[in-house]
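Open the structure in your viewer and keep the selection tool at hand. The stops below say what to select and what is there.

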Amino acid sequence: MGPVLREDEKFVIESLCAKYSGTYRIGEDPPDAYMSLNGNEIAIEISILTQHVVDKSGNPVPRLSQDTGVLRLCDEINEELKTDIPSGAYVLLTISSPLNKIRQTKADLINMIKEIVQKKAPIEEVFEINGNKGEIQTLLGERPSGKKIIGVVPNQNSSPDILGNVLYILSDRINDKVNKCKNIVHRPLWLALFNDYWLAEPDTYELAMGKLSIKHPFDKICLVLGNKEVHALYET
């Protein structure tokens, strides 16, 4: 079985094709794909821009590595309590990551949510359980997903410096792809970056790109947003 595209990679290449009126085929990884445009094939390497946070040793790690446990916890609580939440209401559960004593915290949260939803009225209640701080809000309405427990996950180890975060993310991804694509001879070669760091706007990425001085082989570097917008960050 040959290379296949992940869903996020497929989203990116389809966004590029929509922007430039092209078609695509899967590549050899690397590159991830080829886009046919005006009779030419452009090699496309794809990557994801995700926020980094610091671990216990002070080293940068992808934020999702710390947030995954909390998001999974929220999904598990949703599965256990979805029949306990009345119709026409849902719960917004805000809890920071990384999380302490996940199993014990889960049991305490379930009991707390059960008690709150019995009041059948919009309520906001702040909590601290096993050193984990957060808030439970009961809200009126229905979520399109059908979920009854919606998790919101602030990260205690994240930096508020959005430009600094973007500089690190861009540098990390470009350097990684320079190494991965060093043996690709096909030209043109583009790098397409999907923005999964939703706090950062295209203007911030453009500013950061102007501050970087990384030697790379890419003829074009594109930023792809969640609404399929495509912004050129660099082009020869």
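**Stop 1: the largest nonpolar core**

Select Leu49, Val166, Leu170, Tyr205, Ile221 and Leu233: of the 22 residues in the largest nonpolar core, these touch the most other members. Next, colour the elements that give two or more residues to this core: strand E3 (40-49), helix H4 (162-180), strand E10 (189-195), helix H5 (202-211) and strand E11 (220-224). Helix H4 gives the most to this core, with 4 residues. Keep in mind that the model is predicted.

**Stop 2: Leu233**

Now select Leu233 by itself. Which residues is Leu233 in contact with, leaving aside its neighbours within four places in sequence? They are Leu170, Tyr205, Glu206, Met209, Ile221 and Leu223.

**Stop 3: another core**

Select Leu81, Ile123, Ile129 and Ile149. They are among the 21 residues of another core, which lies apart from the largest one.

**Stop 4**

Select Cys74 and Cys181. Are they buried or exposed? Cys74 is buried, with a relative accessible area of 2%. Cys181 is also buried, at 1%. The structure holds 0 disulfides.

**Stop 5: the whole protein**

Of its 236 residues, 42% count as buried. Among contacts with a separation of 6 or more, 67% are between residues 24 or more positions apart. Finally, switch to a surface view: the accessible surface comes to about 12,600 Å², and carbon and sulfur atoms account for 50% of it.

Definitions and conventions: Residues are numbered from 1 along each chain as its sequence is written. This is a predicted model: local features need pLDDT of at least 70, side-chain atom pairs count only at pLDDT 80 or more; totals for chains, interfaces and linings use all residues. Side-chain values use heavy atoms; hydrogens and water are left out. A nonpolar core is a set of buried Ala, Val, Leu, Ile, Met, Phe, Trp, Tyr and Cys residues joined through side-chain atoms within 4.5 Å. Buried means under 20% relative accessible area, exposed over 50%, partly exposed in between (1.4 Å probe, protein chains only). Contact means heavy atoms within 4.5 Å. A disulfide is a pair of cysteine sulfur atoms within 2.5 Å. Accessible areas come from the Shrake-Rupley method with a 1.4 Å probe; for residues, only the protein chains shown count as cover.
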